[in-house]
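Colleague: I have the model open. Can you walk me through it, starting with the terms you use?

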Amino acid sequence: MTDFATRLTNAERRQDWPNVRPNDAATLILIDRKGKSPRVLMGRRHPKLKFMPGVFVFPGGRLEKADRAMPVYGVLDPDSERRLMTRVQRPTLTRARGLAAASIREMYEETGLLIGTRELGAPEAPSTDWSVFEERGVFPDLGALTYVARAITPPRRPRRFDTRFFAADAGAVCDEVPGLVGQSPS
């Protein structure tokens, strides 16, 4: 195991901590293929954050209730849907699609980039988390995403996440809110 992997495995883990159930989460790997070599969008987490401080990550975060209710454009490809519902308790298409939508919402919240389409007008946002999509007339496009992988934070950590990783081409970005970058320390 590499030094980094060893440090990550051993960080913030004590055997006397309770083994908490991981929260559903989603992240989006945005791939720009315009140049000679593909590039991916990553950000560095604020050093004062409680979970993985200072680590380079893809934009992502926890599944929110409204992610399942947000109107979307397109659907995930059948293979992505099937794999999202494999080896999980209580698998549903609503949950799988909610995770995909969460990755799009988190991409916006952390970068200002909106993945979607303007072909249908403005969606009705189910919460303030999604209001910018309604204001800017952008339907999140699940058809632009491909499910890539799943990672679960190891046991005995103060915070645990069951994260689904999605990928999208940078061409799926249809709008940008300038100046919106990063998270506040909490």
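Modeller: A polar contact is a pair of N or O atoms within 3.5 Å; within protein, one must be able to donate a hydrogen and the other to accept it, and residues adjacent in sequence count only if both atoms are side-chain atoms. This is a predicted model, where local features need pLDDT of at least 70, side-chain atom pairs count only at pLDDT 80 or more, and totals for chains, interfaces and linings use all residues. Residues are numbered from 1 along each chain as its sequence is written, and side-chain values use heavy atoms, with hydrogens and water left out.

Colleague: What does the side chain of aspartate 67 reach at 2.8 Å?

Modeller: The backbone nitrogen of glutamate 64.

Colleague: And where does aspartate 67 lie?

Modeller: In the loop between β5 (60–62) and α2 (78–84). Helices (H or I, at least four residues) and strands (E, at least two) are DSSP runs, numbered from the N terminus.

Colleague: Is aspartate 67 buried or exposed?

Modeller: Aspartate 67 counts as buried because its relative accessibility is 2%. Buried means under 20% relative accessible area, exposed over 50%, partly exposed in between (1.4 Å probe, protein chains only).

Colleague: Which residues is it in contact with, leaving aside neighbours within four places in sequence?

Modeller: Arg62, Gly98, Ala101, Ala102, Arg105 and Trp130. Contact means heavy atoms within 4.5 Å.

Colleague: New topic. How many residues are in the largest nonpolar core?

Modeller: That core has 31 residues, and Phe133, Leu145 and Phe166 have the most contacts inside it. The largest share, eight residues, comes from α3. A nonpolar core is a set of buried Ala, Val, Leu, Ile, Met, Phe, Trp, Tyr and Cys residues joined through side-chain atoms within 4.5 Å.

Colleague: What about leucine 99, where is that found?

Modeller: Leucine 99 is found in helix α3. At 1% relative accessibility, this leucine counts as buried.

Colleague: How many residues apart in sequence are leucine 99 and alanine 25?

Modeller: They are 74 residues apart in sequence, yet 6.9 Å apart in space, C-alpha to C-alpha.

Colleague: Last one: which residues line the largest cavity?

Modeller: Leu84, Met85, Val88, Arg90, Pro91, Thr92, Arg95, Ala96 and Leu99. Helix α3 (residues 93–111) gives the largest share of that lining, three residues. A cavity is a set of points, on a 1 Å grid over the protein atoms alone, where a 1.4 Å probe fits but cannot get out; lining residues have an atom within 4 Å of a point.

How values were computed
1 Å grid on protein atoms, 1.4 Å probe; cavity = no way out; pocket = protein on both sides within 12 Å on 5 of 7 lines; lining within 4 Å.
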